[in-house]
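Q: Can you walk me through this one? I have the sequence and the coordinates open.

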Amino acid sequence: MTSPAPAPAGADPAVFDPELPWQRARSVALRPEPFGALVYHFGTRKLSFLKSKTLVRVVETLADHPTATAALLACEVPESQRPTYVKALADLARSQMIERRSA
């Protein structure tokens, strides 16, 4: 995995922009579960639940796509559901489960 891109001056790297490249944070592990996955951050010791297998797939493939939007498209998230997924990804960025990466 690559290192996160340095944030421009005054920009918060945890502010989620779906048009930027993202990846699962290096200190985060995903454990598949029947409902989706458990997500554990070894640095913050925070545990989260992903309650959608599609969201798990999006998070797992973020690093394979140039933007989060491209990952949503590749995972065939319906357009009507994308705002919900973008909000979920923004929550994951705020909790440091995903991070920006260099392009």
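A: Below we go through the fold, the core, the surface and the salt bridges.

Q: What kind of model is it, and what secondary structure does the protein have?
A: The model is predicted. The protein has three helices and five strands. Starting at the N terminus, the elements run β-β-β-β-α-α-α-β.

Q: Which strands pair in the antiparallel sense?
A: β3 and β4 do, over five bridges. In that pairing, Tyr40 stands opposite Leu47 in β4. The two strands form a hairpin with four residues between them.

Q: Which residue in the turn has a positive phi?
A: Arg45, with a phi of about 65 degrees.

Q: Where else does phi turn positive in a residue other than glycine? Start with Glu76.
A: Phi of Glu76 is near 60 degrees. Glu76 is in the loop between α2 and α3, and it counts as exposed at 70% relative accessibility. Gln96 also has a positive phi, near 65 degrees. Gln96 sits in the loop between α3 and β5 and is partly exposed, with a relative accessible area of 43%.

Q: On to the core. How many residues does the largest nonpolar core have?
A: It has 26 residues. Those with the most contacts inside it are Phe16, Leu50, Val58, Val59, Leu62, Leu89 and Ile98. Elements that each supply at least two residues are β2, β3, α1, α2 and α3.

Q: Which element gives the largest share of this core?
A: α3, with six residues.

Q: Which residues does Leu62 touch, leaving out those up to four places away in sequence?
A: Trp22, Gln23, Ala68, Ala71, Leu89, Ile98 and Arg101. Two of these, Leu89 and Ile98, are also on the list of residues with the most contacts inside the core.

Q: How much of the protein counts as buried?
A: Of its 103 residues, 41%. As for contacts between residues at least 6 apart in sequence, 55% join residues at least 24 apart.

Q: And the outside? How much accessible surface is there?
A: About 6000 Å², with 56% of it belonging to carbon and sulfur atoms.

Q: Which residues make the nonpolar surface patch?
A: Phe35, Leu47 and Phe49 make a patch of about 290 Å². Phe49 lies in strand β4 and is partly exposed, with a relative accessible area of 48%. Leu47 of this patch is the residue that stands opposite Tyr40.

Q: Changing topic: how many salt bridges are there?
A: The count comes to four.

Q: What does Glu99 form a salt bridge with?
A: Arg26, with the closest N and O atoms 2.9 Å apart. The pair links distant parts of the chain, 73 residues apart: Glu99 is in strand β5, while Arg26 is in the loop between β1 and β2.

Q: Is Glu99 buried or exposed?
A: Glu99 is buried, because its relative accessible area is 17% and the cut-off is under 20%.

Q: What about Asp91, which side chains meet it in salt bridges?
A: Lys87 at 3.2 Å, N to O, and Arg94 at 2.2 Å. Asp91 and Lys87 are separated by about one helical turn because they are four residues apart in helix α3. Arg94 is three residues from Asp91 in that helix, also about one turn.

Notes:
Residues are numbered from 1 along each chain as its sequence is written. This is a predicted model: local features need pLDDT of at least 70, side-chain atom pairs count only at pLDDT 80 or more; totals for chains, interfaces and linings use all residues. Side-chain values use heavy atoms; hydrogens and water are left out. A nonpolar core is a set of buried Ala, Val, Leu, Ile, Met, Phe, Trp, Tyr and Cys residues joined through side-chain atoms within 4.5 Å. Buried means under 20% relative accessible area, exposed over 50%, partly exposed in between (1.4 Å probe, protein chains only). Contact means heavy atoms within 4.5 Å. Patches are made of residues with over 30% relative accessible area and no salt bridge: like charges are joined within 9 Å, nonpolar side chains (Val, Leu, Ile, Met, Phe, Trp, Tyr) within 5 Å. Accessible areas come from the Shrake-Rupley method with a 1.4 Å probe; for residues, only the protein chains shown count as cover. Two strands pair if DSSP finds at least two bridges between them.
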